[in-house]
Amino acid sequence: MTDFYDLAEKKSVGEIRKLYPISGDFFDNMNLSALAEDVPMADALEKSDPEWLQELGTDTDGVLEQFCEFMEALTSPQEETALIREITIVGGHDKNGMPEKAELTVKPGEVISIVGPTGSGKSRLLGDIECMAQGDTPTGRRIRINGEFPDEETRFELEGRLVAQLSQNMNFVMDLSVRDFLQMHAKSRFCEDPESVAEQCYACANDLAGEAFDISTKVTQLSGGQSRALMIADTAYMSSSPVILIDEIENAGIDRRQAISILTRQDKIVFISTHDPMLALSASKRIVIRNGGIAKVMETTEEERASLSVIEELDDTIMRIRSMLRAGEQIIPGHFAVPAAASSDEA
Ligand SMILES: Nc1ncnc2c1ncn2[C@@H]1O[C@H](COP(=O)(O)OP(=O)(O)O)[C@@H](O)[C@H]1O
Ligand SMILES: [Mg+2]
């Protein structure tokens, strides 16, 4: 947590305003805008007319205290979570109690895929990361943050801030339009210009979604693919969480490659559980889960990377067949089983 007392001792009102635009609300509401802008806030308060503070019904300490409370309640967790340098998964045991001989450290900017049969424990691993497990989940795994096991207090403080999760099911409770939903979210994340962030986010979501949708559509009326696309764009543009967990996005009818590249543009740690070869291989490492345990951690080799382009072509082919079927066309082998260059799309 930022020590706002410390901030007030070191930075002037002007500097604080720049660092935390939201602080402007506090200074304006408290009529503190007359405070000297060029000396630390605490000094400026000390030097100000005590009568003036009395009129405000407070004193120097009172103002500082209220300032800290205000800032703690309203600043975005961004700067805290930006402090995550690495997270480490320390092995527990599989479903038979056999120890996992795994310890894996992941740094911002890395994408890790999680593969394994259905029911093997992929979602469980994501869950362990999300709750920063400390031997208190069925796997007995423990998570280190920046090399240390977080204590209860840190765990509590980071809860809901560390991780943004894109899960298999999206449920919108409120019946807002896409525009209102995004703007509301942008505001709650203290975006400078919520309207334009919402617009950008919508454009990105629309791009990702197979079927286009209007910004005035109600979120509850979006298809599975559209709402997934919206959540991905929302996470990419507005989430301050340093870790993103994605549980099987393959069948959502969205542009998966683009989704991953959007999510990894920022320096985040991305874990993605998947059955999709293309997603699995676009990660730098993959965790192989078997019977609830981490069986292996594999680096994606150069050779595998090279085959990625072949897999992408195959994937494009499947996508083409899919859209041909959707469009009511007949599937004729020669029309799709060709590399993208000779694609029948433009024909
Ligand atoms: N190491 C483990 N020990 C005990 N139960 C586990 C372990 N790993 C996973 N499970 C349980 O196995 C079930 C299936 O796991 P899940 O993560 O949903 O599989 P997947 O996502 O790969 O389909 C869940 O109930 C999960 O809690
Ligand atoms: Mg699962």
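This is a predicted model: local features need pLDDT of at least 70, side-chain atom pairs count only at pLDDT 80 or more; totals for chains, interfaces and linings use all residues.
Residues are numbered from 1 along each chain as its sequence is written, while chains are lettered from A and ligands numbered from 1 in the order in which they are written.

First, the overview. The protein has 15 helices and nine strands; these are DSSP runs, H or I of at least four residues for helices and E of at least two for strands, numbered from the N terminus. Of its 347 residues, 31% count as buried, that is, with 20 or more other C-beta atoms, placed from the backbone, within 10 Å of their own. Take the contacts with a separation of 6 or more: 66% of them join residues 24 or more positions apart. A contact here is two C-beta atoms, placed from the backbone, within 7 Å.

Now the cores, meaning sets of buried Ala, Val, Leu, Ile, Met, Phe, Trp, Tyr and Cys residues joined through C-beta atoms within 7 Å. The largest has 60 residues, and Cys201, Ala205, Leu208, Ile232 and Ala233 touch the most other members. Which helix gives this core its largest share? That is H12, residues 224–238, with eight residues. Leaving aside residues up to four places away in sequence, Ala205 touches Ala229, Leu230 and Ala233. Another core of 12 residues lies apart from it, with Phe4, Leu7, Val13 and Phe26 among them.

So who are the neighbours of H12? One is H10, residues 178–188: the two axes, lines fitted to C-alpha atoms over the stretch in contact, come within 11 Å and cross at roughly 25 degrees. Angles run from 0 to 180 degrees between N-to-C directions, and those under 35 degrees count as roughly parallel, so H10 and H12 are roughly parallel to each other. On the H10 side, Val178, Leu182, His185 and Ala186 meet Leu230, Asp234 and Met238 of H12. That contact divides into five nonpolar residues, one polar and one charged.

Then there is H13, residues 256–265, packing with H12 at about 20 degrees, axes 8 Å apart. These two are therefore roughly parallel as well. Here Ile232, Thr235 and Ala236 of H12 meet Ala259, Ile262 and Leu263 of H13. This time there are five nonpolar residues, one polar and no charged.

Thanks, everyone!

Definitions and conventions:
Angles under 35 degrees count as roughly parallel, over 145 as roughly antiparallel, 65 to 115 as roughly perpendicular and the rest as oblique. Ala, Val, Leu, Ile, Met, Phe, Trp, Tyr, Cys and Pro count as nonpolar, Asp, Glu, Lys and Arg as charged, and the others, Gly among them, as polar.
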